Every structure is written in structure tokens, then in C-alpha cells.
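Trainee: I have a structure open and would like to go through it with you. Could we take it step by step?

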Amino acid sequence: MSDYYEKVKIELQQMKAAEEQQLSPASESSVPADVSLTSRRDISRGSVNERSRSKSRSKADGHERQVNGRQVSDLTAHRSAAGMNRVSNEQNLQVKGTGKIFKAKSAANGQVESCQRQTEEKCEHRVNEDGSKVGKKRRPVTVDSSKAKTSLEALKVSIRQLKWKEFPIGRRTACDIYWHGVSFHDNENIVSGQVNKFPGMIEMLRKINLSRAVRTMQELFPEEYNFYPRSWILPEEYQLFSTQVRLLKDNDSALKPTFIVKPDNGSQGDGIYLIRDPADLRVISGSQVKQAVVQEYIQKPLLIDKLKFDIRLYVLVRSLEPLEIYIAKEGLTRFCTEPYQEPSQKNLSHVFMHLTNYSLNVHSGNFVHSDSCSTGSKRTFSSVLYRLGSKGVDIKKVWSEIIALVIKTVIALVPELKIHYQADIPPGKPGPTCFQILGFDILLMKNLKPILLEVNSNPSMRIEHEQEVSPGVFEYVPSLVDEEVKVGVIRDTLRLMDPAQRKQHGVTNLGVGSPADAIVVDAGSDEKEGLADSLPSLCLKPVFPKYTKQFNYLRVVERIATIFLRFLGVKGTMRLGPTGFRTLIRNCKLSNSSFSMASADILYIDITRRWAGTLPDSREAGMGLQAFIEAFFYLAARRFKALSLREQVVSLLEVCEASLDGQSQSEKPRPHRLYTNANPISAQCSAPSTLDSPALTRRHHYHRRQQPLQPSAKGNTDN
Ligand code: ADP
């Protein structure tokens, strides 16, 4: 008990000191920033102490927690260090309300703490033998956690592990890092530092926009992007969907395809349902036409213990320019709670059989909360891989296909993200830089091919789960599986975003791609990037620019976006006006005897008007990037008739880039070209598409012939 009071006393002192420092920022420099072994001990011990206490609260009481009958805020800051070296003495802990025993390791209480204080003191007064100081201590990195929302607890643990400095209620002066729970705009007027959200990411990852972005890539690179199920956007493509399904069934009466309907802005399985016939679509809700995506349902997923499951992988986009992507080596797998059967009219509504969402399955009587990472309804990805590996599955191949899926998906998102970025943070104006953790939901097919289900801009970072102990009374209990994975992801993201690290490594990350050989899955060889030795090696694996050579040829739409950006004109806008479009046509030398400036005007008006109809919520007038891509594809097809679409587009890009290169120096500096087209892989991949995506957006009125939906052994993702 005395240890407990000692701990609370220290915590109160720390909180008081933090408050004082917030009032007088000048005193910050005295806080040591070193990450030492002692910090690990502290965390481990804290974890055990805390786990031995029950935490309960009613649903509405925010971040306050009842601890042993007292209200104590943010005690979870002492939670355990997931994935860190836990120290000696194993303890068994019964977590109240769970009826479960948690195992944890702790150091001998008391002793560790005093050792730790001694070590820190020594450290502060360390001098060389000649009396000179060992080195200047770094100012601790400051993190504004006031908007962290549900990721707060995992963030607190991470900051504590790093010995950084948290500002839980914000700060008058700037922080190094702002951790937002929802969007880039959670805090307004940030003019420096780094924010953990990109502007526009939420919009980009809505189901319709993600489908559009991937579809554009499928048109150019059908083979490379066949990891995303065929999708149709509702209501605008309802007719097309009906026609294609009818054709499909007419061609093969034995085919019984199933489709999954997902509301555009839905999440956690809300509003999702399965259908077998387009007539069953619930397109209208009240008097409103529902925006949704209807998608080919993957009928043969890989099963474990007869259950369908999906994978949640965490991906860090560390920067857009240069593009830097990391993938967490550990993820979560979420299991259904009813044995899987292929869809039939009878079982279409069985959500516990078809949908893997935790938020749904947790309400099933069969849901198993487990404190082990390899059993229960939520497990670590590594435990699943281990199990598959033991059955002879080629794990490295699975991993490298997942890495490719992630890189290709991010490449599909980047063009629009760059438009949003320049609108919110125009070049030359003070503003923060951005990074973001994304949640990739991936399904493995029976043949082990990974399929992208969706990307979440705000993946849950909760490290506790709720239990209703009596009606309306909820108890929060630690979820070891979540903590194991999520704290590692947040902590290592912070380590990579450490301003000192970025200064040291930011530029060197450019162009260090390994040669164009296969993706190597090297679990043991982390890039340490000079990070503190006393912390575990990074759980985030750098994949881009590491694999630049394999994937850069896919960045074609980004080059179109670069041209688009150049002519946007007024800062802060995302739409190209008619004058900008004319200037672009003229400067890129795209008008000629067969395509006059008048034709360019007509093209602009026609395409812009149609896209305005498909984007009912758009407030800004003008031509958006998607509309511009359609215009670009059209111009490319006119000019280079004999080539494939991809070759047409790349050829037109070269024409435009060469013209713009030749422009006078007085123009705004040309954004640098990041890549060449001379890629051996692109040549290999020019085989005709077998993934027959609907590919019949409005864009196709201009540049594509309509293709019927064909069942195809290779391209069909459901085999
Ligand atoms: P939400 O954002 O509502 O979670 P998802 O796209 O992730 O929507 O879909 C919810 C669940 O439905 C997924 O976790 C997965 O189990 C299942 N699912 C989604 N799309 C497909 C698909 N194309 N084929 C098979 N199952 C799917």
C-alpha cells in the first residue's frame, strides 16, 4: 500500500510540475529527455500496479476514472510498456469484473524506483573527468494531447515511455507534435510543428472516394490493382451495376455472385448488408438517395477454426513529399463469431458469420475476450501468421503481397491528398507538416491473396475494452492484445517524428530504395535510424522509398496532379477555373488544328458540369482533380490513338512535362519529377486486364469503350 501512496504522491508532484511548466515554458529546458533503461522499469512496474486496480466508470464520464473508490485522472499514463522488456518477477493479476487472470511481470517494487531516481540524478550531474559537461541535454519533445480523444491513453503511455513532455490541455506556445483524434482541423491555426493527420484524409478514405481513386489506378494498371474488389458507386452507377450483373448471369447461369453494400460514410459495419440481386438494393432512405458502394463479395475467405477473419494493419504515412511509408510488423486479426458458410439466401443476414467487425461481434454470445494474443476473437497478426506458417504457408510471400497492396493503395491516394495539402497549407505560408497512422483492413482469400476491404483514417487506438457489468454500468478492462499492438505503433510513430530525428534523417530518406529485386521481408533487420538503444527496435518497417524501384512507375496520376497543381492559381483552392485550364492547354501545347481552344472550352464545361452532378456536396465551382484526370485521359486518347490507355497517358505526360520544362525561368519553379517511365516492370505488366472493374465512370463517355463484366479465373477476386 505504501508503495501505492508513494506513486500517487509522485504523480501529483509531476502533474503540479507539468502545470507550472505550462505556465512558464522557459523552464522546459531543465527536463531531462534521455530515454534510459530505468524508464522501462518504471513503466513495467506502473503497469502492474495499475492492473491490480479495477477501473470502472459510467459511460458518460469522460477521461476520469474511479480507482479504488477515488476519482483519479489519467492514471493510465502509467500503463505497461507493450512490447518492451518487462522486468523480473511474474505476477498474476485478477482484473475485476473479467473473471480472468492476467499475467504480467514486474520489478521489485520500491527498490526499482529508488534505483531509478538515483540513476537519473547521476545522469543529470554527469561530468567528464576533466570537469567539462558530458553533453548538452536535449529539450524534451513536446506533445499537445488535448485533442487526442480515444487514442489518449495509448498516447500517454507512449509519451511516458519516451520521456517526452505532454500538454494535456494544450499550450499557449507551440508544441512539436499535435496529436489529433479525428482530423487535421481538430486544432485550428497551427503554424508550426507536426500534426498526426493530413488535411483531406477523411474525405479521401470515404468509401466512394477510395473506390474512385483505386478505380482510376485499375484503369491504368489493372493487373497491379486487382487486390480491390469490383465496386460500383451508388446511386449514380445503379443502372450500370444492374446491367453488368444481368450480363454476367446470362453468360453463366451457374454463377451466383453475392454483393456487399456499404454506406459511403459508414463505419464499424453500420448499415452494411449483402444482396444477390440488384433489385434488393435499398438505394433510397426516406426521400434521400443513399450514397453507397456496392462491391463484389469475396465468397471464399481463408478460415481459421472455421471462422472468417480480417487483418487490421497500421500504416504510417510519414510524409507525402518525399513519399515515406512504414508498415507495423504487428497487427490485429478480428474474428467472426459464427462458423462461416458461403453466402446463401438463408444466411445473408447473419452478420456474425459474414462481417468481421469487432464492434458487431463483441455483442455475440460467442465472442471470446482473451488475454492471450493467439486465442479469442481478437488476436495478433503474428500469432495467426505463426499458425499458418506451421501449416506450411509461405509467410514471406503473404507479407510481401501485403506490403505491395499497401504501397499501391497509398500511391492511389497521394494525388488527391496533395491537392488537399496545398489548399490547407499553401507553400510559402507557415504551417505544420503532417503524418498519419492509417488502419488497413485486409482479407486473406482462401488462396492467400490479400484483398483490400477499406482504409480507416482514424483507426481505433483504444487499449481497453468495455464490459457492461450491470445494466448501464460499464467497466473498463485492459486489453492486452490491443495494448501490445497499439502502444508500439504510437510510440514508434512518435520516435520517427521526433524533430531531431527528422532533421538528421529527413533528407537521407530520399532515394535509398533497394535495387529492383523482390520485396524482402526482413523481420530481423530493422532500420534503427539512430534511435535510442534502450527502447525496443522499431515495430514500424520502412517500405517506401525502400521499394521505390518496384513501385515508382505506378505514380502516373501523381504526375497529372502535379500539372494540375501548377495551374490551380489562387492558393487555397482545389478547383481549376476555365482560365487556368486554357492556360494549361496553351502552355502544354495541347491545342492544334484538330483540337482548338474552343474545343478545350467545351471539354472543360462538359466535364466540369457532369462532375458537379456526381459530387452533390461540393461547394467550390470549377474542375476538380478527378474531372481533370478524365479530361487528361480524353486528350491522351485523342492524341495517341493506337496505344493502350496507360501508354497514351504516359506519352501525353511526357509532352506536357517537356513543354513545361521549356518554359521561362520567370514562371513559378516547376515541381520536380520524381520518377522516370523506364521501368522494366511496367513493360511486363502491360498484359490486358482480366479484372473487369466497372470502369465505366463518366470518364468513359470520353475515353473508354464499355466492356461487359466477364467472369474470369484470374481477375475474379473471389476464387
Ligand atoms: P466498415 O467501415 O463499416 O467496417 P468494411 O468495408 O470494413 O466497412 O466492411 C465491414 C466488414 O464486412 C469487413 O470487416 C469484412 O468482414 C466484410 N467485408 C467488407 N467488404 C467485403 C468484401 N468485399 N467481401 C467479403 N467481406 C467483406
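Mentor: We shall discuss the ligand, the cavities and then some backbone details.

Trainee: What kind of model is this?

Mentor: This is a predicted model, in which local features need pLDDT of at least 70 and side-chain atom pairs count only at pLDDT 80 or more, while totals for chains, interfaces and linings use all residues. Residues are numbered from 1 along each chain as its sequence is written, and side-chain values use heavy atoms, with hydrogens and water left out.

Trainee: How many residues surround the ligand?

Mentor: The ligand is surrounded by 22 residues, each with a heavy atom within 4 Å of it. The closest are Lys262, Gly269, Thr356, Asn357 and Glu454.

Trainee: Where does the ligand sit?

Mentor: The space taken by the ligand is the largest cavity. A cavity here is a set of points, on a 1 Å grid over the protein atoms alone, where a 1.4 Å probe fits but cannot get out.

Trainee: How much space lies in that cavity?

Mentor: About 310 Å³ lies in the largest cavity, counted as the space filled by probe spheres set on the grid points. The whole structure has nine cavities of 30 Å³ or more.

Trainee: What lines the largest cavity?

Mentor: Its lining has 23 residues, and Ile260, Lys262, Ile272, Asn357 and Leu453 lie nearest the centre. A lining residue has an atom within 4 Å of a grid point. The lining divides into eight nonpolar, seven polar and eight charged residues; Asp, Glu, Lys and Arg count as charged, and Gly is among the polar ones.

Trainee: Changing topic, which peptide bonds are cis?

Mentor: One joins leucine 234 and proline 235, with omega about 5 degrees. Proline 235 is in the loop between strand 10 (231–234) and helix 7 (238–251); helices (H or I, at least four residues) and strands (E, at least two) are DSSP runs, numbered from the N terminus. Another cis bond runs from phenylalanine 544 to proline 545, with omega near 15 degrees.

Trainee: What is the phi of lysine 149?

Mentor: Phi is near 50 degrees there, a positive value in a residue other than glycine. Most residues other than glycine have a negative phi.

Methods:
1 Å grid on protein atoms, 1.4 Å probe; cavity = no way out; pocket = protein on both sides within 12 Å on 5 of 7 lines; lining within 4 Å. Sits in = over half its atoms within 2 Å of the grid points.
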